Amino acid sequence: TLAKAQKIDYSVVDKDDYRDMNFEIIGKVGGNISVYKNFKNRHDICVYDNDMQMTNRIKLEFLPERTINVDFIAYPDFAYMIYQYQKRNVVYCSMVKINGEGKLMTDPVDLDTSHTNGMGENKVYTMVNSDDKKKIVLFKIKKVNDKNFQLSSFLYNNQMSLLKKSQFGLYVPDKDGNFTDFMVDNDGDFVFGRATRTGNREYVNKVDLVFKKAMEDTITKIPIAFKDKSLDEIKLKFDNYNKRIILTSFYYKQKKGNIDGL
C-alpha cells in the first residue's frame, strides 16, 4: 500500500535567531524563499533554497534605529518593503524594492510623513493590498476627538506610482466600538467597517460599512442593523469576481448563550 504525504524541510539552527525574534515570511521571490527577521535594532533578510538551506543573510543596515514597523508585498521577481521610522516628532513611511537575493534594487523612497505628539514608537500607517497585488493602499487614522476621526489614504499601483491621495472625516457617534479589517479590491476601491458594541461590550449589534471608490474623495456610509441577533468578531472579504463585499460573523440569538450560526 502506498500513501502520499507532505515533505517537510527544516533549516539548520541559526545562532543569530532568538526566542523573542520577530519574523515574517516574505514569500518565494526569484525562486528563493525570503524571510525577514528582526531582533531589537537588527533587521535581516534571510534567503533559503527549496531545501530550506540558507544561501544568504543580508543585514538591512539602511534601516534607521527607530524603525517601528515593516511590511512586505512579494511578487515573482521582487518584493516591496514598506517601513516606518521615527525621527524626533516625525514618523516617516518609506519604501524600497528588494530582489530574490535580499538585495536592494532601489534607494529608499519616502512616501509620507506624519507629526506626532511624543517620542513613543507608535505605528501610524497601515498597508493593505488587493488580491491580485496590483493595487496597494497606505492609510492613517488620526483621532480628532472622541467622536471624530480623520482618515488619509494613498492608492498606489504595482509600480508604486501614486494614483490617488484622499482625506476624509469619519463621525462616530458612540465610543464603544472598533474598526474591522480594512480591505482594497482589484479596482482600488477601499472598504472597512465599524462595529458598535452597546450595552454588553462583548457583542456587536450594529455595523457601519464605509466604502470609498478608488478615484473619489467622498465616502459612502452604509448602516447594517441586526434586529434579533448579536454578533461576534466581524470579518470582511472582497469577492472580486462578482464585485461584492462579503461580511461574516458568528451570531447569537441570546446574550451569554452558545453560537447559533454564521
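β11 gives the largest share of the lining of the largest cavity, three residues. Strands here are DSSP runs (E, at least two residues), as helices are (H or I, at least four), numbered from the N terminus. This is a predicted model: local features need pLDDT of at least 70, side-chain atom pairs count only at pLDDT 80 or more, and totals for chains, interfaces and linings use all residues. Residues are numbered from 1 along each chain as its sequence is written, and side-chain values use heavy atoms, with hydrogens and water left out.

**Cavity count**
- Two cavities of 30 Å³ or more are found.
- A cavity is a set of points, on a 1 Å grid over the protein atoms alone, where a 1.4 Å probe fits but cannot get out; lining residues have an atom within 4 Å of a point.
- Points are joined across faces, edges and corners, and volume is the space filled by probe spheres set on them.

**Largest cavity**
- The largest cavity holds about 60 Å³ of space.
- Its lining is V137, S153, F154, L155, K164, S166, G188, F190, K212 and A214.
- Two or more of these residues come from each of β11 (148-157) and β12 (162-171).
- Five lining residues are nonpolar, three polar and two charged.
- Nonpolar means Ala, Val, Leu, Ile, Met, Phe, Trp, Tyr, Cys and Pro; charged means Asp, Glu, Lys and Arg; the others, Gly among them, are polar.

**Second largest cavity**
- The second largest cavity has about 30 Å³ of space.
- I26, V29, S34, I45, F72, A79, I98 and N99 line it.
- β1 (22-29) and β7 (90-99) supply at least two lining residues each.
- Six of its lining residues are nonpolar, two are polar and none is charged.

Notes
1 Å grid on protein atoms, 1.4 Å probe; cavity = no way out; pocket = protein on both sides within 12 Å on 5 of 7 lines; lining within 4 Å.
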